[in-house]
Structures are given as C-alpha cells and as structure tokens.
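Dear colleague,

My notes on what was found in it follow directly after.

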Amino acid sequence: MPKWLIVVLKVGVHLACLLPVCWLVWGGYQNTLGPDPTHTVTFFTGRGTLRLLAITLAISPLRKMFPKWLGWLIKFRRLVGMYAFFYACLHLLTYVWLYAGLSLNAMVQDISQRKFITAGLAAWLLLLPLAVTSTTWSIRKMGGKNWNRLHKLVYVAAVAGLVHYWWGVKPGVWRPLGITMIFVVILVARPLISAWKRREDPVPVKIG
Amino acid sequence: MPSKKYEAPGAEITPKEVFLNRRKFMAGAAAAGVGLAAAGGAMELLEPHKSVMAANQLKTVGSQWNGNGLNETSFYNITHYNNFYEFGTSKSDPAEYAYKLKTEPWTVEVGGLVHNKKTFDIDALMKLSPLEDRVYRFRCVEAWSMVIPWVGYSLSKLINEVQPLGSAKYVKFVSVDRPSQEPGIMNVSIPWPYTEGLRMDEAMHPLTMLTVGLYGQALPNQSGAPVRIIVPWKYGFKSPKSIVKIEFVKNQPETTWNEIAPDAYGFYSNVNPNVDRVQWSQARERVIGAPIWKQLQPTQMFNGYADEVAGLYKGMDLRRYY
C-alpha cells in the first residue's frame with residue numbers, strides 16, 4: 001500500500017466521521033432533525049458509536065484472514081477506535097445536556113435507578129482508559145503485553161453498549177438485532193480464525 | 001391573543017413547505033453521510049412519507065379547553081410522528097401505511113353490561129353531540145409530548161345513550177384488527193387486537209373524549225380514524241385508536257401494554273412525574289417540534305389536569321396503582 005494512498009484514506013476516514021457531526025450540529029441549529037431532534041441525535045450518536053466500534057474490532061480478524069492483502073488496515077485501527085470514543089462522548093453529552101438538563105440530581109437518580117443508563121455509562125467508562133492509553137508513548141510505557149491486556153476491555157465495552165441498546169428500547173422493538181449480529185460474527189470469527197491458522201501452520205515439534 | 005406556534009397550522013398543511021423542509025434535510029444528510037456507517041441511523045428519517053389522508057372539514061363549536069397559552073404542535077408533526085403498532089413500530093410507519101385501512105363503512109359496537117346495546121354507525125356518532133374543538137396536552141410514555149387540537153365530545157354523552165347497568169365498573173375499548181389492511185399486525189408480535197380500558201368514573205369524566213377529528217378535520221388514518229378515545233391525563237397508549245367495540249364490564253379488563261409488560265405499564269398509567277416504571281424518567285418530557293435546546297420541559301402531575309382529575313384518585317396510592 002503506497003503511503004500517499006494511506007494518507008488519502010485517512011483523510012477520508014476523518015471526513016466520514018466528522019461531516020455527519022457537522023450536519024447534526026447544523027440540523028439542530030436549523031431544527032431540521034425531525035419532530036424529535038433530541039431523539040434523532042441520541043440514536044445517531046449511539047448507533048454511530050456501536051458501528052465504529054464494530055469496524056475497529058473487525059480490523060484484526062480481517063488482517064488475520066488476509067494477511068497479504070489487508071495488513072495495512074492496522075494503520076486505521078486506532079483512528080477508527082478514537083472516533084468510536086468521540087461518538088460515545090457525544091452520546092453521553094446528549095444525555096447530560098438534553099435529557100438530564102445538566103441536573104446532577106437527575107443524573108444521579110438515573111444512574112442508580114435505570115439499568116440501561118448504568119450499562120451505557122459503564123460502556124463509556126470502559127472505553128475511557130483505552131482512549132487515554134491510545135498513544136504510542138503509552139504502549140511503550142506500559143509494555144505491549146500489559147497494553148494488550150488492558151485493551152481487551154474493548155470487548156466488555158462492546159457488550160455493555162449492546163446491553164444498553166437492548167435495555168433502552170421498548171419491548172417488541174428489534175432494532176438492535178442487526179448490530180448485535182455483526183458483533184456476534186466479529187467475536188466468533190476471532191477464535192475460529194486462530195484455530196484455522198493453527199491447523200495451517202502447526203507449531204513445529206521440538207526434536208530433542 | 002393567538003399563541004406563539006412553532007409553525008403556523010395553516011402553513012404546516014401546505015405540502016410545499018413540508019416538501020422543501022424534507023428536501024433540505026435530505027440534501028444535508030446526503031452530503032454528510034457519504035460512505036459513512038454512522039450515517040445509516042438517519043436513513044429512517046429520509047423515507048418519503050405518504051401524504052396525509054385527504055380529510056374533510058368538520059363543523060365544530062368551541063369548548064372551555066381552548067389550549068389557552070399552549071403552543072400547538074404542527075399538523076405535520078402530529079400526523080407523521082406517532083405510535084400505532086398496527087402499522088409498524090417505527091414512528092413514521094403510521095403515516096406511511098395507514099392509508100391501507102378502509103374506514104368506510106365503520107361501526108362501533110357498544111355492549112356488555114348496558115340497558116341499550118347498540119351498534120353505532122360512524123355518521124351517527126358524528127351527530128350524537130355537537131363536535132367541540134378541544135386543545136389537549138398529549139404525553140407519550142416515551143417521554144415526549146405534543147399539544148393537539150382534537151375534535152369530538154365527552155365520551156359520557158355516548159355512555160349515557162346506552163345506559164350502563166349498576167354492575168358495570170369498567171369500560172373496555174377494542175381497536176380494529178384487520179391484518180390485511182394493517183401490516184403491523186402481522187409483523188409485530190404483541191397480542192392483537194389492541195385493547196384498552198378505563199374505570200367507569202374515568203370514562204365518565206368530561207375530559208375523556210370520543211374523538212373524531214384533528215385540526216378541525218376528520219381524523220387522518222394514522223391518528224386513529226375514524227373514531228378514537230382521548231384521555232389527556234394518561235400516557236398516550238391509554239387512548240386507543242380506530243375503535244370498533246366498547247364493552248362495559250364488571251372486572252378490570254386486560255389491556256394490551258399491561259399484558260405485555262405489567263411491571264412497566266400499569267392499568268392506570270396516569271401521567272406522573274414522580275413515578276416511573278418504564279426504563280426512562282417521567283420527570284421530564286421532550287416537546288415535539290421545538291428546537292433541540294428548548295425541547296426539555298418538566299412533566300406535570302396528571303399531565304397538567306390535576307385540578308380536574310386528582311379527585312378521581314383520592315386516597316389511592318399512586319405508586320402502587322401506577
């Protein structure tokens with residue numbers, strides 16, 4: 001993959017993640033986000049978080065499956081992951097401002113009484129240390145092994161995010177099913193690919 | 001003095017404005033959403049809506065509930081953002097699919113514990129009592145709210161007509177159940193037909209309305225044509241749409257949402273900012289159509305009708321009877 005193409009693609013990722021936010025802000029200002037703009041922003045940022053998180057998590061299995069063709073994808077994992085956290089922050093901000101009306105009292109009540117809000121907050125709190133330690137400096141400082149171990153939390157965050165989504169919708173609403181299936185495929189793909197790789201390149205037997 | 005409206009009702013009905021707004025929305029979305037997974041969430045909003053069913057103007061008289069000082073929600077928003085699971089679970093589904101329901105001919109069977117069992121033709125219901133313009137608050141259990149100018153009269157007028165027996169303690173309402181005309185009935189797995197109920201004194205309360213119109217016109221299909229019940233101090237799901245049967249019964253009837261999730265949706269379901277059984281808070285609500293930074297407002301006890309209806313629940317533990 002030539003370097004210039006990577007740069008072009010990165011600019012594309014930035015635009016694809018930032019332009020919708022500009023559209024959301026402008027639409028909110030113009031009141032063109034539908035009859036219930038708060039709801040529109042909530043679901044846009046919430047679904048956006050889960051989708052970007054799914055893309056982030058799909059990168060490693062894809063690279064393992066096609067190491068010759070898709071190895072370069074690693075250059076995008078941190079970028080997309082950071083945008084997932086950015087969308088999660090916007091989602092949280094939507095709640096704090098537009099639902100809780102910046103009232104600390106309302107937030108404390110919600111977090112203690114509403115399990116879907118508790119799950120959502122847990123997901124965000126799990127993503128926070130990952131975002132903080134996303135720098136190359138952090139990897140070096142922590143050591144690859146520890147860093148990897150910490151960043152396994154992303155799976156817990158994804159599950160918490162999905163639970164938050166399912167608990168948040170009314171009974172009889174199946175909207176979260178699609179993204180849930182995508183996560184199931186991604187999570188199941190990892191051990192399957194590892195098993196398949198092991199069969200292809202068996203560990204050489206040590207000859208005494 | 002005319003109240004300030006988010007959009008003037010006359011202008012809202014103008015398809016051109018609606019059309020242009022939608023165009024603006026779509027152009028913005030298209031520009032922003034190119035190639036982005038996250039933009040998919042907006043796609044549901046881009047679906048073109050079927051236009052509001054052609055409606056005829058009704059002859060109406062005024063009423064004491066003239067919505068003094070309330071900002072009426074636009075006709076477009078009332079008719080394009082609502083729940084009517086018979087047509088699907090998305091709030092844009094009713095506007096899109098409700099045209100399939102045939103509302104002529106239409107009869108409402110009134111029976112059970114009454115002296116005069118009777119089946120009313122819709123035309124007879126329209127003439128039973130003068131049609132009043134009433135502007136009511138409407139509060140959905142999903143924590144959004146509207147202000148809606150309904151047309152109709154007190155349900156008590158109809159109840160008096162059939163003379164309930166002393167043994168009648170509750171009223172049960174049954175909505176139309178026609179899978180061939182209501183696609184949601186096949187796709188949404190909740191018990192059909194949609195059934196709701198009120199205690200006798202609630203049904204007799206003058207605020208409880210037999211509703212046949214909206215903004216001075218016959219009800220559009222997606223709003224529950226040709227006849228529905230409106231109970232303004234309860235969450236919206238207690239106001240059944242497109243009703244075909246009213247039955248007077250002795251015991252508290254089974255009601256649809258109560259059957260689906262009894263912990264979340266009580267039989268009473270009075271609007272109450274202090275009690276919330278669903279997953280979201282009922283202390284606040286989002287005003288439909290308002291700019292995003294002005295949407296949030298505190299919810300009022302009994303949706304602002306406490307002076308009129310609090311007496312019905314005197315001595316009742318509203319936490320227990322939610």
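In this predicted model, chain B averages a pLDDT of 87, and 83% of its residues score at least 70. The exception to keep in mind is the stretch of residues 1-54 of chain B, over which pLDDT stays under 50 and for which the model has 80 contacts beyond four places in sequence. Where pLDDT is low, the predicted coordinates should not be read in detail. For the model as a whole, the scores are ipTM 0.85 and pTM 0.84.

Turning to the strands of chain B, there is an open sheet of five strands in the order β2-β1-β10-β5-β6, with mixed pairing. Its edge strands are β2 (118-121) and β6 (195-199) of chain B, each of which pairs on one side only, and neighbouring strands of this sheet are turned against each other by 15° on average, direction ignored. Within the sheet, strand β5 (residues 170-175) and strand β10 (residues 243-249) of chain B pair in the antiparallel sense over six bridges; as one of the residues concerned, B:Tyr170 has B:Val249 in β10(B) as its bridge partner.

Chain A has 10 helices and zero strands, and its C-alpha atoms fill a box of roughly 70 × 40 × 40 Å, taken along the principal axes.

Two helix pairs in chain A may interest you, and they share helix α4. Helix α2 (residues 37-65) of chain A packs with helix α4 (residues 74-99) of chain A at an angle of about 160°, their axes lying 8 Å apart. Because that angle is over 145 degrees, α2(A) is roughly antiparallel to α4(A), and the crossing of the two helices is left-handed. Sorted by class, the contact of α2(A) with α4(A) has 14 nonpolar, 10 polar and two charged residues.

On the other pair, α4(A) and helix α6 (residues 115-132) of chain A pack at an angle of about 140°, with their axes 10 Å apart, which makes α4(A) oblique to α6(A). The crossing in which α4(A) passes α6(A) is likewise left-handed. Here A:Met82, A:Phe85, A:Ala88 and A:Leu92 in α4(A) meet A:Trp124, A:Leu127 and A:Ala131 in α6(A), and by class the contact of α4(A) with α6(A) has seven nonpolar, no polar and no charged residues.

Technical notes:
Residues numbered from 1 in each chain as written. Chains lettered and ligands numbered in written order. Predicted model: local features only at pLDDT ≥ 70, side-chain atom pairs only at ≥ 80, totals over all residues. Pairing = 2+ DSSP bridges. Helix = DSSP H or I, 4+ residues; strand = E, 2+ residues; numbered from the N terminus. Axes fitted to C-alpha atoms, helices over the stretch in contact; angles between N-to-C directions. Parallel < 35°, antiparallel > 145°, perpendicular 65-115°, else oblique. Left-handed = near helix turned anticlockwise from the far one by under 90°. Nonpolar A, V, L, I, M, F, W, Y, C, P; charged D, E, K, R; others polar. pLDDT = per-residue confidence, 0-100. Contact = placed C-beta atoms within 7 Å.
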